Amino acid sequence: MIKLSLLVVSLILYPLLSAQAESLVSGKVVKFERVSTAIIPYTKVGDIYGGLGCKFKQGSGLRLEVDNTIAKHTLYLDLDQLSLLVSDLLVERGIDMAFKDARNPFGSVNPDIIITADISELTMYYCMSLSGGKAKGNLSLKVDWRLFNTKTETLITELSTVGASESKKKIKNLASWMINTSMSEAATNFLDSLKNQSKDQS
């Protein structure tokens, strides 16, 4: 039985807080909504191979899981954990967040901007070692980003970016490494797109 746990511990959103995106978030109260995915649960997102030369397919494929039922040959995406970690990253970078809790007691109540991130596509190739402890493979994903103005209830901007990663060497915790690396690249591409939009508007 294979359980690939994707506790996505690092959605790299710090580029949003750089000077390149300052015109959109500077002086604004920002709320980051819960990360979502448009991918239907248990949709096939890749294949698992094993054996000498990775020639032998294992099972009917790798399927996305979001409810942690520990099903066979699933790729678990913990959206609650991901959302919490993203919010923490934004707070650490000094953004005026819209929530108040024990970690952020001085947060503002009403946000000016809401940022959402939706994982709309994800594909993965996974080749496990005979022992099952290490694997190699590749992963690509597409993220749809949206910024909303809460006062006018309008969409400020909508962007889609992609990220990809690959390990040709068998390593431990491959799935987590690939999703983190791919999300980092997608977020960086998001920043670059915002920078280009700011130039066009200036």
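1. For the accessibility classes used here, buried means under 20% relative accessible area, exposed over 50%, and partly exposed in between (1.4 Å probe, protein chains only). This is a predicted model, in which local features need pLDDT of at least 70 and side-chain atom pairs count only at pLDDT 80 or more, while totals for chains, interfaces and linings use all residues. Residues are numbered from 1 along each chain as its sequence is written, and side-chain values use heavy atoms, with hydrogens and water left out.

2. The chain averages a pLDDT (the predictor's confidence in each residue, from 0 to 100) of 76, and 69% of the residues score at least 70. Over residues 1-22 the pLDDT is below 50. Where pLDDT is low, the predicted coordinates should not be read in detail.

3. Six salt bridges are present, each being a side-chain nitrogen of Lys or Arg within 4 Å of a carboxyl oxygen of Asp or Glu. One of them joins Lys142 to Glu121 at 3.9 Å, N to O; Lys142 lies in strand β10 and Glu121 in strand β9, so the pair ties together parts that are 21 residues apart in sequence (strands are DSSP runs of E, at least two residues, numbered from the N terminus). Lys142, at 24% relative accessibility, is partly exposed, and Glu121, at 45%, is partly exposed.

4. Another salt bridge pairs Lys151 with Asp112, the closest N and O atoms being 2.3 Å apart. Lys151 is exposed, with a relative accessible area of 63%, whereas Asp112 is buried at 17%.

Definitions and conventions
Contact means heavy atoms within 4.5 Å. Helices (H or I, at least four residues) and strands (E, at least two) are DSSP runs, numbered from the N terminus.
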